[in-house]
Amino acid sequence: MLLSGGIDSATALYLTKKTQGVRTLTFEYSGIAGSELSAARAIASRAGVIEHRKVRLPDLKEAADIPGFSPQGLPPTYIPLRNGIFYALAASYAEETGAASIVGGHNRDDAQVFADVSPEFFSSLQKAFWSGSRILRRERLRIVRPLKTLRKPQVIRLAASLGVPLELTWSCHRDGEKHCWRCDGCNSRLRCFKEAGVRDPLASPRLEKIN
Ligand SMILES: [Zn+2]
């Protein structure tokens, strides 16, 4: 399954981890916070996956780092056709390991912003994988998105009920030992925990009060 250091994919992993032989895949694209990569590794290790693989994509950049590219309606963290690339690499990994499904932790809010998180996109992608690989067709490889009907605060409530190690997750867009609590990623984290009514083990009570 695809694993970033964030809350959504950690929650999807905890929903999946009872299945035998779960493997996780993280992408190291240009500009990703090193803390997010460490978070992904720590979460995979805590969940007891049989393999955590990191794929390096040093030339793949976020919109903010591409001169002259500022797509309308998309955040500066958008990566051009990100999921087309990530899921193709996940399908390659699935073919190599004989996996029967690829799991992604996209929530309902993501699908409203990104076209490459839409149901149509994933259904077409699955068909393309079956056409392009006899192994994936034989295994009847499925793309599974267990959080697709949930909004972020609902995901946080589910995470808390599943015992997801929220203290290991990373939401900040900047690198560092601690969250900056100023960027969009941090602000969204504070807002969603508050709406969920769940205490964030990483935020101080003072920060939670301000937000
Ligand atoms: Zn931050």
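The largest pocket holds about 1,400 Å³ of space. Keep in mind that this model is predicted.

**Stop 1: the largest pocket.** Select Asp8, Arg82, Asp110, Lys152 and His173. Of the 47 lining residues, these are the closest to the pocket's centre. Now colour the elements that give two or more residues to this lining: α1 (7–16), β1 (23–29), α3 (82–97), α4 (108–113), α7 (152–162) and α8 (184–196). Which element gives the most? Select α8, which supplies eight residues. Then colour the lining by class.

Stop 2: Select Met1, Gly21, Arg23, Ala99 and Ser101. Among the 20 residues of this lining, they are the closest to the centre. Elements β1, α3 and β3 (101–103) each give two or more residues to the lining. The most come from α3, with four residues. How many charged residues are in this lining? There is one, alongside twelve nonpolar and seven polar residues.

**Stop 3: helix α5.** Select residues 119–132. This helix has 14 residues. From first C-alpha to last, α5 reaches 20 Å, close to the 20 Å expected at 1.5 Å a residue. Next, show the side chains of Phe121, Phe122, Leu125, Gln126, Phe129 and Trp130. These are the buried residues of α5. Look at their numbers as you turn the helix. An α-helix has 3.6 residues a turn, so residues three or four places apart point the same way. What covers the buried residues of α5? The cover includes α3, β3, α6 (134–139) and β4 (142–144).

**Stop 4: the aromatic rings.** The count for this model is five aromatic pairs. Start with Tyr78 and Phe114. Their ring centres lie 6.1 Å apart and their planes meet at 10°; planes under 30 degrees apart count as stacked, so this pair is stacked. Trace the chain between the two. Tyr78 is in the loop between β2 (51–57) and α3, while Phe114 is in the loop between α4 and α5. The pair links distant parts of the chain, 36 residues apart. Are these two residues buried or exposed? Both Tyr78 and Phe114 are buried.

The rings of Phe121 and Phe122 have centres 5.5 Å apart and planes at 65°, so they are edge-to-face. Both Phe121 and Phe122 are buried.

**Last stop.** Select Phe27, Tyr29 and Phe86. Together they form one aromatic cluster.

Technical notes:
Residues numbered from 1 in each chain as written. Predicted model: local features only at pLDDT ≥ 70, side-chain atom pairs only at ≥ 80, totals over all residues. Heavy atoms only, no water. 1 Å grid on protein atoms, 1.4 Å probe; cavity = no way out; pocket = protein on both sides within 12 Å on 5 of 7 lines; lining within 4 Å. Points joined across faces, edges and corners; volume = space filled by probe spheres on them. Nonpolar A, V, L, I, M, F, W, Y, C, P; charged D, E, K, R; others polar. Expected span 1.5 Å × (residues − 1). Buried < 20%, exposed > 50% of the residue type's maximum accessible area, 1.4 Å probe, protein only. Contact = heavy atoms within 4.5 Å. Phe/Tyr/Trp six-rings, centres within 6.5 Å; stacked < 30°, edge-to-face > 60°.
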